[in-house]
Amino acid sequence: MKYYDKLIFELSREGRTGFSLPENGWKDSPDDIPGNLRRCRLPDLPQVSEPDAVRHYINLSDMNFGVDTGFYPLGSCTMKYNPKINEEISAHPGFSGLHPLQPAETVQGALKLYAELSSWLCSLTGMSAFTLNPFAGAHGELTGLMIMRQYHISRGDTKRTRIIVPDSAHGTNPASAAVCGLEVVQVKSTPAGTIDVGDLMPLLDDTVAGIMMTNPNTLGLFETEIREIEASVHAAGGLLYYDGANMNALLGKVRPGDMGFDIMHLNLHKTFSTPHGGGGPGAGPVGVSSRLAGLLPSPVVIRDGKTGKFSMAGNPGGPGRISGFAGNFGVLMKACAYIMALGKRNVTKVGPYAVLAANYIKESLKDRYRLPVPSLCKHEFVFDGLKDVSPAVDGISTLDVAKRLLDYGFHAPTIYFPLLFHQSIMIEPTETESKETLDAFIEAMRKIADEAVSEPELLKTAPHCTPVGRPDETLAATHPVLKF
Ligand SMILES: *Cc1c(COP(=O)(O)O)cnc(C)c1O
């Protein structure tokens with residue numbers, strides 16, 4: 001029996017303790033904790049023995065699923081393997097022991113790392129300056145949009161309050177725009193899955209601040225009309241924002257700066273292999289083109305051309321501070337280690353392998369799952385439920401398929417996003433998985449398609465092998481039970 005079969009959370013027993021402090025009895029040693037250091041009341045903690053406490057937490061951690069325990073093909077949220085050398089390097093006491101208020105002359109190494117990582121990101125993206133201060137992708141979007149607003153306002157162009165966002169965009173795009181005080185205008189996708197340029201053109205007037213794009217977009221498709229879009233948005237006086245959260249497919253091959261984008265963010269915790277989700281905080285650096293370089297948020301890291309010394313300074317032209325100090329430094333170090341370990345040559349292999357893995361899965365499953373956009377994909381693609389729509393599988397939804405995958409030991413892909421289809425399953429395998437893993441996943445997906453016909457109840461009641469079965473999701477959201 002597994003620990004979780006019992007789900008014992010009430011382990012506390014009156015009077016049981018995990019420690020003892022006997023009188024130590026040594027000569028000249030104080031026998032007891034001095035009275036002024038003692039608590040007046042016992043803390044209100046469970047009364048458990050040390051082994052019970054240790055087992056409780058170890059068993060709970062056993063119930064977790066992460067990229068270190070299995071394949072995690074979450075679309076639009078790159079869950080690539082996080083190399084452990086990155087952790088070791090970022091834990092180096094020379095960096096982890098720094099205090100953000102230390103004088104600049106005592107943290108020259110950290111400031112140099114900030115400057116070097118910024119310049120590598122510039123060279124990978126074609127931007128001319130980066131801030132590493134934002135804490136997440138959405139935080140980077142907000143920062144980038146504040147820069148966009150600042151740019152228009154600084155030129156006296158105050159009418160520009162509308163931002164164009166495609167209907168396939170990640171949910172954080174319209175949310176960040178709204179937080180920034182911009183009015184979101186949606187542009188439609190064509191049936192082929194890319195931006196409908198015909199729908200875009202009439203939207204471009206002198207009230208448009210810019211457009212937010214993801215390329216390849218959330219369907220994993222490259223926006224082939226990007227040249228025309230870029231020329232039209234710029235001609236209308238707007239700026240182009242690039243959502244580079246998942247830049248896997250393009251890394252070292254194609255640069256947003258060369259496509260004409262003015263502002264972009266990267267998720268170091270997706271493309272650059274730093275852990276996320278339960279695994280740690282993130283970082284959402286923002287890059288800008290040369291005409292916006294003076295508008296980065298404070299503080300900025302500056303290198304004195306004569307002495308070579310680094311310092312941090314406020315930037316009066318920018319939108320002010322968007323974080324306390326210079327970002328999540330440990331995360332920046334992990335990304336730096338990743339980029340250095342890959343080297344300039346190997347960085348160009350990330351994209352092709354990510355694209356190969358995604359197309360391999362897509363082609364191996366498209367006879368069983370409906371593929372609404374059949375073209376070559378980049379790092380991810382979207383199925384729209386099972387291909388078989390006969391009465392035998394009637395009522396089997398994407399949710400059932402995803403839940404059943406858990407029984408096969410795989411994390412479910414992203415489901416019901418993008419909203420363009422009713423039964424979206426969005427799969428992103430990344431470049432870090434072996435062919436054996438991809439084959440095992442394909443086999444599980446094919447078995448599930450078989451089960452949908454032979455044993456539909458098995459899918460509708462899945463998962464059967466996880467610590468928690470299928471909760472009522474509405475009830476779980478409206479009446480969460482947070483303790484046992
Ligand atoms: C993950 C993601 C974001 C948001 O990043 P967070 O770090 O979760 O805030 C934005 N856009 C796209 C396309 C993403 O995949």
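Predicted model: local features only at pLDDT ≥ 70, side-chain atom pairs only at ≥ 80, totals over all residues.
The domains themselves are domain 1 (84-347) and domain 2 (350-478); their bounds come from an automatic or database domain assignment. Their C-alpha centres lie 31 Å apart.

Across the boundary, 24 residues of domain 1 are in contact with 22 residues of domain 2, where contact means heavy atoms within 4.5 Å. Three residue pairs are in polar contact between the domains, both residues at pLDDT 80 or more. A polar contact is a pair of N or O atoms within 3.5 Å; within protein, one must be able to donate a hydrogen and the other to accept it, and residues adjacent in sequence count only if both atoms are side-chain atoms. The salt-bridge count between domain 1 and domain 2 is zero (a side-chain nitrogen of Lys or Arg within 4 Å of a carboxyl oxygen of Asp or Glu).

## Aromatic pairs

Let's turn to the rings. The structure holds nine aromatic pairs. Rings of Phe, Tyr and Trp (its six-membered ring) pair if their centres lie within 6.5 Å; planes under 30 degrees apart count as stacked, over 60 as edge-to-face and the rest as tilted.

One of the pairs joins F71 and F441, edge-to-face, at 5.2 Å centre to centre and 80 degrees between the planes. F71 sits in the loop between α2 (50-62) and α3 (84-90) while F441 belongs to helix α12 (residues 435-454), so the pair ties together parts 370 residues apart in sequence. Helices (H or I, at least four residues) and strands (E, at least two) are DSSP runs, numbered from the N terminus. F71 is buried at 3% relative accessibility, and F441 is buried at 0%; buried means under 20% relative accessible area, exposed over 50%, partly exposed in between (1.4 Å probe, protein chains only). Together with F410, F71 and F441 form one aromatic cluster.

Y242 and F261 make another edge-to-face pair, because their ring centres are 4.9 Å apart and their planes at 70 degrees. Y242 lies in strand β5 (residues 239-244) and F261 in the loop between β5 and β6 (263-266), 19 residues apart. Y242 is buried at 1% relative accessible area, as is F261 at 2%.

## Ground rules

Residues are numbered from 1 along each chain as its sequence is written, and side-chain values use heavy atoms, with hydrogens and water left out. Local features need pLDDT of at least 70 and side-chain atom pairs count only at pLDDT 80 or more, while totals for chains, interfaces and linings use all residues.
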